[in-house]
Structures are given as structure tokens and as C-alpha cells.
Amino acid sequence: TLTCVCPENENENSTQIPVKVLNCDTITQVKDKLLDAIYKGVPYSQRPKAEDMDLEWRQSRGTRLILQDEDVTTKIEYDWKRLNTFMLRTASSPDSMRSRVPMITPDQETGTKLWHLVRNHDHTDQKEGDRGSKMVSEIYLTRLLATKGTLQKFLDDLFETVFSTAHRGSALPLAIKYMFDFLDEQADQQLITDPDVRHTWKSNCLPLRFWVNVIKNPQFVFDIHKSSITDACLSVVAQTFMDSCSTSEHRLGKDSPSNKLLYAKDIPNYKTWVERYYRDISKMTAISDQDMDAYLAEQSRLHASDFNTLSALNELYFYINKYRDEVGDGTRWRFTREVSG
């Protein structure tokens, strides 16, 4: 547990903040955890970045040391370089017990590769390497299951909110009912009676195109940082979401990826939620064209100050200009006049 102070209010009366870190954390990871604690509640874009800050270790008033991932004590073995960790030097750790990690990225200047907790060794025996990887996966499977149990309620709440017309924070948007009715009308006109086709159309236009994108990329909506670990976790949730919208059966075996096995027993239940959601929407009162027009006009009024129209037109111009040969010079000329004034 570290005791840190906000660098912007550093004085004798500064509030000290306790922050828990791991002794196997790299210095950059420690700095990230300290910044998260100090600037909690501050939008990510307004926080200082770890690479712009120094981590200063103070043992006493006169003893100060700047800690870095790489310094003169960094161990280099052939073309591998160990990243320094926060573990302190002890009698049993003559080289400060630097951590060892899978290869991250080669150093652009020296060509050396960085590692932290486990170094990737080249296995001459591929079967032995595969067996080792499988054993590691089995070891971590219990931790995956424990984590899943902790997060299960939150995932269920997410699915219940998305795939429900009743258990929502607000009423179902008229646009969803209008769009789903349009798809059903098109299916009727084309004499498409297969319910799986209608189900797939609806899944492709809303859950898979919109919700999966938001789930996988929360930084599109919130001013936050999405780490590689968070990205990997959200990918599992997004995959579960996509499997729940699918009409096909997923056959799993002992060689299936762990992210598929993790929610295998939950997906049938989630599928019933999706089917119920589409069925409930189809039973709702149809939305007239006049009501839809009024709804869109109201949304435009409410968000009139949220968007820069000229900026949007400018982006459209660059897009059309890129494909001007396909679009045609006449259309490009008219659009240019609109943008320029």
C-alpha cells in the first residue's frame, strides 16, 4: 500500500491517498494506478498521462529516487530486456527480482524485446509447447469462472435492459418499433416466411450493429481509457451478445476456446430474451409516419446544439471527394457549392 499525494497540491498539509499496487507491477503500471486513484472522477482526457509523470520514491525527507521501467539497473539478456518492477530489493532477491513478461514490443533503437512476467520461449517441440499452453489455460479456467460469477449480475442486468420493452430506464424509442415493422413489411412483400430471416435482419440492424459496437468500445460514449485487458474482457461479453442473437446452434467441445465455454450454459437463456424482445415489439401499436416525423423533429430540436452541421458536411465532402469518379462530377460540384456557402 503506497501513500501518495496529488502533484498539483503538494505541500505539508496535502491529503495523503492510500493506493494498493502489486509488487510485480511495472513502474508504468504503478503510475497508472496512482493516477486513477488521485484523479478519480476526472474525465480521462483531462488527466495527466503516466508517461508525462515521474514516480518519486521517498524514504525520508532527504532521500528521493525516480523509478523507471528502464534504467541503469535494467537486466539485458541477449536481445531481451527485463522491465523493472516495484518489488523492493531483499536479501533473497539480488537482482531486485525484476519481473519477466511475454514479449510486448521491440525497442526501436536497440532491437531488444521487452518482457515482464513470463518470457515467450521458442519451443523446439511444438507438441510440448501446446501441452504447456493447454495446462496454463486449465489453471486459469477456475479464475475465469470465479470472475464470471462476480460479474454475472451486471451482465444479466445489461442483457435484461437491452432486450426488454418493460425493464428499461426509459421507454422503447419509437425508431426501433418503426424500423422493425418496416423489416416485417419487407418480409411480407417478398413472401419471406422463414422466421429466422426476420430475426437475423433485426439482429443485424440493431444489436449487432449498434449495441456490440458500444459494448466493445465504451470509450466512444464515455471519456475513459480502455486498456488491453479491459478490451479482452469486453470482447468476451460482445461475443456472448452476438451468440445470443444468432439463430444457429453452437456445438462446443473440449477444444473450444474458453470464452465460448464460459457462457455456453447462459446463452440459451439469453436467446429466449432476444426472441421475447422481438416478439413484444411486434405486438406494440404501430407507429404512423406522422408520429415518426414528429419524433425525429423533436430529437433534432433537442440536440440542435450538440452537433456542428458544417463540420458534418465537411466530412461528407471528403468522403464523396474520395469516390468522386463513382459519384460523378455533377454531384460533386453541387455538393461543393452547398458546403462553401
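The notes below are grouped by topic.

Please keep in mind that this is a predicted model. A search of the whole structure finds 13 salt bridges, and a few of them are picked out here. You will also meet a sheet of three strands, a negative surface patch and a nonpolar surface patch.

- Three strands form an open sheet in the order 5-6-7, and their pairing is mixed.
- Strand 5 (76–77) and strand 7 (113–115) are the edge strands, since each pairs on one side only.
- Strand 6 (residues 80–82) and strand 7 run parallel, and three bridges join them.

- The side chains of Glu70 and Lys81 meet in a salt bridge, with a distance of 2.9 Å from N to O.
- Glu70 lies in the loop between strand 4 (63–67) and strand 5, while Lys81 lies in strand 6, so this pair ties together parts that are eleven residues apart in sequence.
- Are the two partners buried or exposed? Glu70 has a relative accessible area of 32%, so Glu70 is partly exposed.
- Lys81 has a relative accessible area of 10%, which means that Lys81 is buried.

- Asp184 and Arg198 form a salt bridge through their side chains, at 3.6 Å from N to O.
- Because Asp184 lies in helix 3 (residues 174–189) and Arg198 in helix 4 (residues 195–205), the pair ties together parts that are 14 residues apart in sequence.
- Asp184 counts as buried because its relative accessibility is 15%.
- Arg198 also meets the side chain of Asp188 in a salt bridge, at 2.6 Å from N to O.
- This second pair links distant parts of the chain: Asp188 is in helix 3 and Arg198 in helix 4, ten residues apart.
- With 46% relative accessibility, Asp188 counts as partly exposed.
- Which residues belong to the network? Salt bridges that share partners join Asp184, Asp188, Arg198 and Lys202 into one network.

- Glu185, Asp289, Asp291 and Asp293 form a negative surface patch.
- Which helix gives the largest share of the negative patch? That is helix 9 (residues 289–302), which contributes three residues.
- Asp289 is found in helix 9, and its relative accessibility of 46% means that Asp289 counts as partly exposed.

**The loop between helix 5 and helix 6**

- Phe220, Val221, Phe222 and Ile224 make a nonpolar surface patch of about 430 Å².
- Phe222, one of these four, has its place in the loop between helix 5 and helix 6.
- Phe222 counts as exposed, because its relative accessibility is 53% and the cut-off for exposed is over 50%.
- Asp223 lies in the loop between helix 5 (207–216) and helix 6 (228–245).
- Asp223 counts as partly exposed, at 37% relative accessibility.
- How far apart are Asp223 and Ser45 in sequence and in space? Asp223 and Ser45 are 178 residues apart in sequence, but 6.5 Å apart in space, C-alpha to C-alpha.

How values were computed. Residues numbered from 1 in each chain as written. Predicted model: local features only at pLDDT ≥ 70, side-chain atom pairs only at ≥ 80, totals over all residues. Heavy atoms only, no water. Pairing = 2+ DSSP bridges. Helix = DSSP H or I, 4+ residues; strand = E, 2+ residues; numbered from the N terminus. Patch = residues over 30% accessible without salt bridge, like charges linked within 9 Å, V, L, I, M, F, W, Y side chains within 5 Å. Areas by Shrake-Rupley, 256 points an atom, 1.4 Å probe, with all protein chains shown as cover. Salt bridge = Lys/Arg side-chain N within 4 Å of Asp/Glu carboxyl O. Lys, Arg positive; Asp, Glu negative; His and termini not counted. Charge placed at Lys NZ, Arg CZ, Asp CG, Glu CD. Buried < 20%, exposed > 50% of the residue type's maximum accessible area, 1.4 Å probe, protein only.
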